[in-house]
Amino acid sequence: MAAFSPVAGVRQSGRLFALFLDVARMTFKRPFQVRELIQQAWFIASVTILPTALVAIPFGAVIALQLGSLTRQLGAQSFTGAASVLAIIREASPIVCALLIAGAGGSAICADLGSRKIRDEIDAMEVLGISAVQRLVVPRMLACMIIAMALNGLVSVVGVAGGYFFNVILQGGTPGAYLASFSALAQVQDLWAGEFKALLFGMIAAIVAAYKGLNAQGGPKGVGDAVNQSVVITFLLLFFVNFVITAVYLQVVPAKGS
């Protein structure tokens, strides 16, 4: 087993950032791959919509049940709706979308590009003067970003509905208090923050998956290792970026009513 090298880690980070710069530069360069974008968006949506909806229900239920029990102990049952809904919109919804985009869509992107790499298709495209970044990576990144934002809205709706059901039906909460507290404390910026997180998480998942796929080596086993590495790296980056965005958001946007 090769020893861990900090220099290799820095080198990998630099190459990943260089790929991000190349993708940003190629995004607005013609010709734009509209057909590839539509195909990739449809594929990512087809493999993530149902799992996302199924995961959103228990997420909303767990948050509602935990917060309902906590607010009951503190004597603040009227704030259960606001707390659960804000937790879903701000944190749970973007994270669920990111994990599913990285686990389903990102792994498929990495496997596709990795298989092209070991079959020398990427090198053949470069020899022909076709940019693999513009032709393959840019449409996949944009597709992940678009689908992530759409899934974020889906998770928000399903999670809020699930939280309402479990709080009102199972815990005996008051429907009026649940909705009133939500409208009293929530604000439009919370929804925009969730959508921005989903957009950024989709971009990160696509960039990491594309980087690992384009640098796959060692045949089919190397492609499998690249897929595993891309998912793990994406998860770590997503949680770190989520922490940074949340910390900045809470400092910049004041709470409603404060």
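This briefing describes the salt bridges of the structure shown above. The model is predicted, and a search of the whole structure finds 9 salt bridges.

**A pair between two helices**
- Arg-140 forms a salt bridge with Glu-36, with the closest N and O atoms 3.0 Å apart.
- Because Arg-140 belongs to helix H5 (residues 132-170) and Glu-36 to helix H2 (residues 34-74), the pair ties together parts that are 104 residues apart in sequence.
- Both Arg-140 and Glu-36 are buried.

**A pair within helix H1**
- Asp-22 and Arg-25 form a salt bridge, and their closest N and O atoms are 3.5 Å apart.
- Both residues lie in helix H1 (residues 6-27), where they are 3 residues apart, about one turn of the helix.
- Asp-22 has a relative accessible area of 29%, so this residue is classed as partly exposed.

**Arg-119 and Glu-121**
- A salt bridge joins the side chains of Arg-119 and Glu-121, at 2.8 Å from N to O.
- Glu-121 has a relative accessibility of 28% and therefore counts as partly exposed.

Notes
Residues are numbered from 1 along each chain as its sequence is written. This is a predicted model: local features need pLDDT of at least 70, side-chain atom pairs count only at pLDDT 80 or more; totals for chains, interfaces and linings use all residues. Side-chain values use heavy atoms; hydrogens and water are left out. A salt bridge is a side-chain nitrogen of Lys or Arg within 4 Å of a carboxyl oxygen of Asp or Glu. Helices (H or I, at least four residues) and strands (E, at least two) are DSSP runs, numbered from the N terminus. Buried means under 20% relative accessible area, exposed over 50%, partly exposed in between (1.4 Å probe, protein chains only).
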